[in-house]
Amino acid sequence: MSEVAQLQLIGLTVVGTGVAILLFIKAQFIRVIGFVAIVLGLFSLVALSVPQMASLPPAEEKFDLATVKTPADMAAIGQKIFFSKGQCALCHSIGPSESARCPDLKGIGAKLRKEFIYESLTQPQAYVYLDYRHEGLPKEYPARMPYINKNPIGLSKNEILSVIAFLQQMSGEPVSVTPAELEMPGTTPAPPTKAAGSGPMAVAQAN
Ligand code: HEC
């Protein structure tokens, strides 16, 4: 029996006792106790009927490097991270949405090169608003893009690469992040490979 069910049983017993007292016992003082027992018992039963939610920190996506073989494997992990630990979906939508407070990321993997996305995530303050891609005045967003590689979100490099793989995949792009870029435990982190001759901030890939 689950813990909640046990507590519910206790609650029911208390209510039952209270009802029995009211039915069969005439002594005024004990009847008061019975009444109180019914009220408290019902109160706890209502409280226990509320679904229980434990708020635990999100579990780290496990990178079993042996099982991540294809870019599609990375995208699948990235998708989970996008909607859970990465908290991206708190601010971003994929596709137009009334409630989205921040840029819609639909098609972002086709608009931005992976190096640019990597930098958008890890150095959001360096993000250069590329006006030529947008119409009208630059938009003010009611939130700030957090440092994805620092606390509280604190994604590891492997997790960020996976999220980028997911963004590319959901944009219908070939995933250009490969499992070969994943950091093996105990090796020094390598920066994401850069296209020769252009810094990551230099160009957003024009379509
Ligand atoms: C607290 C809200 C918030 C969270 C959480 C967040 N972002 Fe952002 N993000 C923003 C804002 C605001 C901008 C726009 C920054 C700007 O224009 O300077 C942005 C910009 C971006 C951009 C650049 C968009 C463009 O059109 O150039 C990318 C890519 C991005 N976010 C991806 C992500 C991913 C992936 C995650 C999760 C790992 C994430 N964001 C989590 C608020 C957020």
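Residue numbers start from 1 along each chain, in the order its sequence is written. Because the model is predicted, local features need pLDDT of at least 70 and side-chain atom pairs count only at pLDDT 80 or more, while totals for chains, interfaces and linings use all residues.

**View 1. The shell around the ligand.** The ligand is surrounded by 23 residues. The closest are Gly 86, Cys 88, Cys 91, Tyr 141 and Met 145. A residue is near a molecule or strand if its C-beta atom, placed from the backbone, lies within 6 Å of it. Helix H4 (88-91) and helix H6 (114-122) are the elements that give two or more residues to this shell. Helices (H or I, at least four residues) and strands (E, at least two) are DSSP runs, numbered from the N terminus. By class, the shell has 18 nonpolar residues, four polar and one charged. Ala, Val, Leu, Ile, Met, Phe, Trp, Tyr, Cys and Pro count as nonpolar; Asp, Glu, Lys and Arg count as charged; the others, Gly among them, count as polar.

**View 2. Helix H1 against helix H2.** H1 (residues 3-24) packs on H2 (residues 28-49) at an angle of about 155°. Their axes lie 7 Å apart. Axes are lines fitted to C-alpha atoms, for helices over the stretch in contact, and angles run from 0 to 180 degrees between N-to-C directions. H1 and H2 are therefore roughly antiparallel. Angles under 35 degrees count as roughly parallel, over 145 as roughly antiparallel, 65 to 115 as roughly perpendicular and the rest as oblique. The contact of H1 with H2 has 17 nonpolar, seven polar and one charged residues.

**View 3. Helix H6 against helix H7.** H6 and H7 (residues 157-170) pack at about 125°, with axes 10 Å apart. This pair is therefore oblique. From H6 come Lys 114, Ile 117, Tyr 118, Leu 121 and Thr 122. They meet Ile 160, Ile 164 and Leu 167 in H7. Two residues are in contact if their C-beta atoms, placed from the backbone, lie within 7 Å. Six nonpolar residues, one polar and one charged make up the contact of H6 with H7.

**View 4. Helix H3 across helix H7.** The axes of H3 (residues 71-83) and H7 come within 7 Å and cross at roughly 100°. That makes H3 roughly perpendicular to H7. On the H3 side, the contact residues include Pro 71, Met 74 and Phe 82. On the H7 side, they include Glu 159, Ile 164 and Gln 169. The contact of H3 with H7 divides into 11 nonpolar, four polar and one charged residues.
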